Amino acid sequence: MIALVFAILVAVLMGSATYLLLQRNPVRMVIGLGLFTHAVNLLVFSTSVSHRGQPPIVVDKAAFNGDISQFVDPLPQALILTAIVISFGIVAFLIALLHRRNSLEAVESCTDRADDPFAMEPAATLEAVEEDYEWLEDIVLKRELRKPKGRRK
């Protein structure tokens with residue numbers, strides 16, 4: 001029963017995170033990234049066995065005669081703790097990038113860039129100009145000329 005609750009909770013969190021990540025608002029993207037990392041942490045946590053047991057700490061290994069199967073596996077908790085730290089660093093870096101972008105935008109207008117993933121407006125579509133591909137046609141023509149005469153198309 002608890003596995004079903006975890007599965008539903010992970011699905012709701014991932015769905016909400018995906019919806020927020022697909023928005024063009026930077027604040028929603030940051031919140032979506034946070035939700036996504038929490039969903040992944042819950043997914044990793046749900047894969048572990050959740051039962052009470054002894055902590056996996058043995059003070060004197062030579063004198064230990066107990067059953068090792070009674071220990072709790074610390075690997076999922078260690079992975080989740082590492083993931084929390086990494087996600088915090090990524091969110092902090094993303095916020096710093098957004099702050100830098102906004103400060104540059106105040107100085108000069110850089111919103112006209114077509115490759116800005118955090119632009120508030122969708123990127124304007126570039127119109128294909130015939131002259132843009134002339135260099136590519138020259139390269140293809142040079143390669144065709146280098147081939148022996150029998151191999152040319």
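Questions and answers on a predicted model follow.

Residues are numbered from 1 along each chain as its sequence is written.

Me: How many helices does the protein have?
Reply: Helices (H or I, at least four residues) and strands (E, at least two) are DSSP runs, numbered from the N terminus. From that end, the elements run α-α-α-α. There are 0 strands, and the number of helices is 4.

Me: Which element has the highest mean pLDDT?
Reply: pLDDT is the predictor's confidence in each residue, from 0 to 100. The protein averages 81, and 80% of the residues score at least 70. Helix 4 (residues 134-146) has the lowest mean among the elements, 79, and the highest, 93, belongs to helix 1 (residues 2-21).

Me: Which residue's backbone nitrogen does a side-chain oxygen of Asn25 reach at the start of helix 2?
Reply: A polar contact is a pair of N or O atoms within 3.5 Å; within protein, one must be able to donate a hydrogen and the other to accept it, and residues adjacent in sequence count only if both atoms are side-chain atoms. The Asn25 oxygen comes to within 3.2 Å of the backbone nitrogen of Val27.

Me: Is Arg101 buried or exposed?
Reply: Buried means under 20% relative accessible area, exposed over 50%, and partly exposed in between (1.4 Å probe, protein chains only). Arg101 is found in helix 3 (residues 75-107), and its side chain joins that of Asn102 in a polar contact of 3.2 Å. Its relative accessible area is 12%, so Arg101 is buried.

Me: How does Gln77 count at 37% relative accessibility?
Reply: Gln77 also has its place in helix 3. Its C-alpha atom is separated by 8.8 Å from that of Ser48, 29 residues apart along the chain. Because its relative accessibility is 37%, Gln77 counts as partly exposed.

Me: What share of the 153 residues is buried?
Reply: In helix 2, the buried residues include Pro26, Met29 and Val30. Across the 153 residues of the protein, the buried share is 17%.

Note on methods: Heavy atoms only, no water.
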